[in-house]
Amino acid sequence: MRELAENWWLLLLRGVAAIAFGVLAFIWPGLTLLTLIFMWGIYAIADGVLALWAAIASRGGEIAPRWWLAVVGIAGILAGLLAFVWPGMTALVLLMFIASWAIVIGALQIWGAIRLRKEIEGEWLLGLSGLLSIAFGVVLFAQPGAGALAVLWLIGSFAILAGCVYIALAFQLKKYKRPA
């Protein structure tokens, strides 16, 4: 607790940064999307380089064979480079992945609601959640531009809310700071 209280200002800075990112996501959604794609590209390249390094440096016979790590590394590097070369296509593929995920999760929620209808009351809420998830996925497939904007707004909203929570927590922690 003391460590957290002594460094309360770091949480405050995280909160301010999160709110700034959230506001920028609303003001410049195109730039935000491009930034997220490039950040993912950097991550994919870094992950690929580290996997390739592990393949080269390992002696084999451990958890994963070396050739598998090499393939994963090369795939990661190529995917990251493609994100920089074709950011629009990367955004579309990512959006389609989110849409597919939403539809699968929605179908599983409906299935779960049907299975639970004799076990609990209010199972219809789980089914409704599933329907909403499927509808979200269908909208993303049907209107990818609007879907991308909606996803960015969700990310921006989350960042602003999380930033507010971080700031509130920072000021709560500040109360426990030892006097200098």
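## Leu95 and its surroundings

Leaving out residues up to four places away in sequence, Leu95 touches Leu140, Pro144, Gly147, Ala148 and Val151. The model is predicted, and its local features are given where pLDDT is at least 70. Leu95 also belongs to the largest nonpolar core, whose five residues are Leu95, Ala99, Leu140, Ala148 and Val151. Helices α5 and α7 are the elements that give two or more residues to this core.

**How α5 meets α7**

- Helix α5 covers residues 87-116 and helix α7 covers residues 144-174; the two pack at an angle of about 80°, and their axes are 10 Å apart.
- Angles of 65 to 115 degrees count as roughly perpendicular, so α5 is roughly perpendicular to α7.
- On the α5 side, the contact is made by Leu92, Leu95, Met96 and Ile98, while α7 supplies Pro144, Gly147, Ala148 and Val151.
- Of the residues in this contact of α5 with α7, seven are nonpolar, one is polar and none is charged.

- Helix α5 has 30 residues, and the distance from its first C-alpha to its last is 43 Å, close to the 44 Å expected at 1.5 Å a residue.
- Helix α7 has 31 residues, which should span 45 Å at 1.5 Å a residue; the end C-alpha atoms of α7 lie 44 Å apart, in agreement with that value.
- The buried residues of α5 are Thr90, Ala91, Leu95, Ala99, Ala102, Gly106, Gln109, Gly112 and Ala113.
- These buried residues of α5 pack against α3, α4 (66-85), α6 and α7.
- In α7, the buried residues include Gly147, Ala148, Val151, Leu152, Gly156 and Ala159. Further along α7, Ala162, Gly163, Ile167, Ala170 and Leu173 are among the buried residues as well.

**How α2 meets α3**

- Helix α2 (residues 8-27) and α3 pack at an angle of about 120°, with 5 Å between their axes.
- The two helices α2 and α3 are therefore oblique to each other.
- Phe21, Leu24, Ala25, Phe26 and Ile27 of α2 meet Pro29, Thr32 and Leu36 of α3.
- The residues of the contact of α2 with α3 comprise seven nonpolar, one polar and no charged.

**Thr32 in α3**

- Thr32 lies in helix α3, which covers residues 29-57.
- Is Thr32 buried or exposed? Buried means under 20% relative accessible area, and Thr32, at 6% relative accessibility, therefore counts as buried.
- Apart from its neighbours within four places in sequence, Thr32 is in contact with Phe21, Leu24, Ala25 and Leu152.

**Ser133 and Ala142 in α6**

- Ser133 is placed in helix α6, residues 123-142.
- With a relative accessible area of 15%, Ser133 is buried.
- Which residues does Ser133 contact, leaving aside its neighbours within four places in sequence? They are Ala102, Ile103, Ile105, Gly106 and Gln109.
- Ala142 is also found in helix α6, and Ala142 is exposed, with a relative accessible area of 53%.
- In sequence, Ala142 and Leu31 are 111 residues apart; in space, they are 23 Å apart, C-alpha to C-alpha.

How values were computed:
Residues numbered from 1 in each chain as written. Predicted model: local features only at pLDDT ≥ 70, side-chain atom pairs only at ≥ 80, totals over all residues. Heavy atoms only, no water. Axes fitted to C-alpha atoms, helices over the stretch in contact; angles between N-to-C directions. Helix = DSSP H or I, 4+ residues; strand = E, 2+ residues; numbered from the N terminus. Parallel < 35°, antiparallel > 145°, perpendicular 65-115°, else oblique. Contact = heavy atoms within 4.5 Å. Nonpolar A, V, L, I, M, F, W, Y, C, P; charged D, E, K, R; others polar. Core = buried A, V, L, I, M, F, W, Y, C linked by side-chain atoms within 4.5 Å. Buried < 20%, exposed > 50% of the residue type's maximum accessible area, 1.4 Å probe, protein only. Expected span 1.5 Å × (residues − 1).
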